Amino acid sequence: SLEAVLPRSLLCKSVRDSRGPDAPPTMSGVADSEWGRVLIAGSGFLADGYDLYVIGGVEHVLAEQFACAHAARADCLDDTEMQAFTSMTSSAALFGAVIGQLLFGTLADRLGRRVIFI
């Protein structure tokens, strides 16, 4: 049965109750507001994933600008320095993501998820 798979809060009581107490729940009984909440939460995950994905592109741009093999600059970085530079950049992005999750998660617990997302 669908009720065994989905949480009870996703099933619209009015649809289930109008068919009788013993009627099995259906997907049409899923409340629209719950799907909206899922989409909003998914957008938060998407933003986090996109942020961490973009750092890979940033590393390529940094390599083109600062690596001695690619750049025509006097202040270029050798391979060891470039590897350390890109590692620090990636680590800073991950560190920022963790700190942001902890900070905004705590604020969302205190102020409400809706306030923080908006």
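I began with methionine 82, whose place is in helix 4; helices here are DSSP runs of H or I with at least four residues, and strands are runs of E with at least two, numbered from the N terminus. I noted that this is a predicted model, in which local features need pLDDT of at least 70 and side-chain atom pairs count only at pLDDT 80 or more, while totals for chains, interfaces and linings use all residues. Residues are numbered from 1 along each chain as its sequence is written, and side-chain values use heavy atoms, with hydrogens and water left out.

**Entry 1**

Is methionine 82 buried or exposed? I found a relative accessibility of 7%, so methionine 82 counts as buried (buried is under 20% relative accessible area, exposed over 50%, partly exposed in between, with a 1.4 Å probe and protein chains only). I then listed its contacts (heavy atoms within 4.5 Å). Apart from neighbours within four places in sequence, methionine 82 touches Leu62, Ala63, Phe66, Ala67 and Leu77. Alanine 63 is 19 residues away along the chain, and its C-alpha atom lies 7.2 Å from that of methionine 82.

I looked next at threonine 89, which also sits in helix 4. Threonine 89 is buried, because its relative accessible area is 19%. With neighbours within four places in sequence left aside, its contacts are Ile55 and Leu62.

**Entry 2: the disulfide**

A disulfide is a covalent bond between the sulfur atoms of two cysteines. Applying the rule of a pair of cysteine sulfur atoms within 2.5 Å, I counted 1 disulfide. Which cysteines does the disulfide join? It links cysteine 68 to cysteine 76, with an S to S distance of 2.1 Å. The torsion about this S-S bond is about 90 degrees, and the disulfide is therefore right-handed. Cysteine 68 is partly exposed at 37% relative accessible area, and cysteine 76 is also partly exposed, at 23%.

**Entry 3: the pockets**

I used a 1 Å grid over the protein atoms alone: a cavity is a set of points where a 1.4 Å probe fits but cannot get out, a pocket is an open set with protein on both sides within 12 Å along at least five of seven lines, and lining residues have an atom within 4 Å of a point. Grid points are joined across faces, edges and corners, and a volume is the space filled by probe spheres set on the points.

The largest pocket holds about 480 Å³ of space. Its lining has 16 residues, of which Gly44, Asp48, Gln101, Phe104 and Phe117 are the closest to the centre. Helix 3 (32-66), helix 4 (79-111) and helix 5 (113-117) each give two or more residues to this lining, and helix 4 gives the largest share, 7 residues. I sorted the lining into 8 nonpolar, 5 polar and 3 charged residues (Ala, Val, Leu, Ile, Met, Phe, Trp, Tyr, Cys and Pro are nonpolar, Asp, Glu, Lys and Arg charged, the others, Gly among them, polar).

For the second largest pocket I recorded a volume of about 170 Å³. Its lining consists of Arg37, Ile40, Ala41, Arg113, Arg114, Phe117 and Ile118, with at least two residues each from helix 3 and helix 5. By class, 4 are nonpolar, none polar and 3 charged.

**Entry 4: confidence**

Lastly I checked pLDDT, the predictor's confidence in each residue from 0 to 100. The protein chain averages 75, and 69% of the residues score at least 70. Helix 4 has the highest mean, 89, and helix 2 (residues 13-18) the lowest, 49. Over residues 27-31 pLDDT stays under 50, and the model has 13 contacts beyond four places in sequence for them. Where pLDDT is low, the predicted coordinates should not be read in detail.
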